[in-house]
Amino acid sequence: MAAEQVRASHILIKHEGSRRKASWKDPDGRVISATTRDAAVGQLLTLREDIVSGKARFQDVAARYSDCSSAKRGGDLGRFGRGQMQKPFEEATYALKVGELSDVVDTDSGVHIILRTG
């Protein structure tokens with residue numbers, strides 16, 4: 001059973017199209033509601049570049065910028081199996097090799113970059 005599971009961390013940037021327009025950083029959702037998807041993607045790509053170039057560590061970036069409550073764990077979502085995450089997120093995670101970082105992934109929650117850790 002464990003072989004069917006993956007482990008991943010992610011950075012989520014919410015935007016005006018996100019289904020829940022609030023986060024631990026923005027409890028009233030004021031910033032999120034004013035953020036376009038394009039702006040969210042732009043911010044995410046900049047953060048991704050900082051990680052890929054070695055300028056910043058994934059965990060530190062997640063802790064500071066991710067709109068997900070997993071930010072306090074450096075973006076770690078723990079282990080999960082198929083059917084537990086939104087489909088695009090699940091598919092992107094399973095497609096990655098351990099240690100690999102995804103491109104931008106769109107879900108109902110917002111835009112993500114995913115780091116497969118197990």
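**Notes on a predicted model: its pocket, strands and salt bridges**

1. Let's start with the largest pocket, where about 320 Å³ of space lies. A pocket here is worked out on a 1 Å grid over the protein atoms alone: it is an open set of points where a 1.4 Å probe fits, with protein on both sides within 12 Å along at least five of seven lines. The volume is the space filled by probe spheres set on the points, and grid points are joined across faces, edges and corners.

2. Before going on, a word on what you're looking at: this is a predicted model, in which local features need pLDDT of at least 70, side-chain atom pairs count only at pLDDT 80 or more, and totals for chains, interfaces and linings use all residues. Residues are numbered from 1 along each chain as its sequence is written, and side-chain values use heavy atoms, with hydrogens and water left out.

3. Who lines the largest pocket? There are 18 lining residues (an atom within 4 Å of a point), and His10, Leu12, Arg19, Cys68 and Ser109 lie nearest the pocket's centre. The lining splits into 7 nonpolar, 7 polar and 4 charged residues. For that count, Ala, Val, Leu, Ile, Met, Phe, Trp, Tyr, Cys and Pro are nonpolar, Asp, Glu, Lys and Arg are charged, and the others, Gly among them, are polar.

4. Arginine 19, one of those pocket residues, sits in the loop between strand 1 (6-13) and helix 1 (30-33). Helices (H or I, at least four residues) and strands (E, at least two) are DSSP runs, numbered from the N terminus. Is arginine 19 buried or exposed? Exposed, with a relative accessible area of 58%; the cut-offs are under 20% for buried, over 50% for exposed and partly exposed in between (1.4 Å probe, protein chains only). Leaving aside residues up to four places away in sequence, arginine 19 touches Gln86, Asp108 and Ser109, where contact means heavy atoms within 4.5 Å. Arginine 19 and serine 70 are 51 residues apart in sequence and 17 Å apart in space, C-alpha to C-alpha.

5. Now for strand 1 itself. It is largely enclosed by the rest of the structure, because 7 of its 8 residues are buried. Which strands does strand 1 run antiparallel to? To strand 2 (residues 76-80), with 3 bridges joining the two, and to strand 4 (residues 110-116), with 6 bridges. Two strands pair if DSSP finds at least two bridges between them. On the strand 2 side, serine 9 stands opposite aspartate 76; in strand 4, histidine 112 is the bridge partner of leucine 12.

6. The structure holds 10 salt bridges, each a side-chain nitrogen of Lys or Arg within 4 Å of a carboxyl oxygen of Asp or Glu. One of them joins the side chains of aspartate 76 and arginine 7 (2.4 Å, N to O). Aspartate 76 belongs to strand 2 and arginine 7 to strand 1, so this pair ties together parts that are 69 residues apart in sequence. Aspartate 76 is buried at 15% relative accessible area, while arginine 7 counts as partly exposed at 34%.

7. Another salt bridge brings together the side chains of aspartate 67 and lysine 25 (3.6 Å, N to O). Here both partners are in loops: aspartate 67 between helix 3 (58-65) and strand 2, lysine 25 between strand 1 and helix 1, so parts 42 residues apart in sequence are tied together. Aspartate 67 is buried, with a relative accessible area of 7%, and lysine 25 is partly exposed, with 35%.

8. Have a look at aspartate 103 too, in the loop between helix 4 (87-95) and strand 3 (105-107). Aspartate 103 is exposed at 57% relative accessibility, and its contacts, not counting residues up to four places away in sequence, are Arg48, His112 and Ile113. With arginine 48 it forms a salt bridge, the closest N and O atoms being 3.6 Å apart. Arginine 48 lies in helix 2 (residues 37-52), so the pair ties together parts that are 55 residues apart in sequence. Arginine 48 is buried, with a relative accessible area of 18%.

9. Last stop, helix 4. Its buried residues are Phe89, Glu90, Ala92, Thr93 and Tyr94. What covers them? The cover includes strand 1, strand 2, strand 3 and strand 4.
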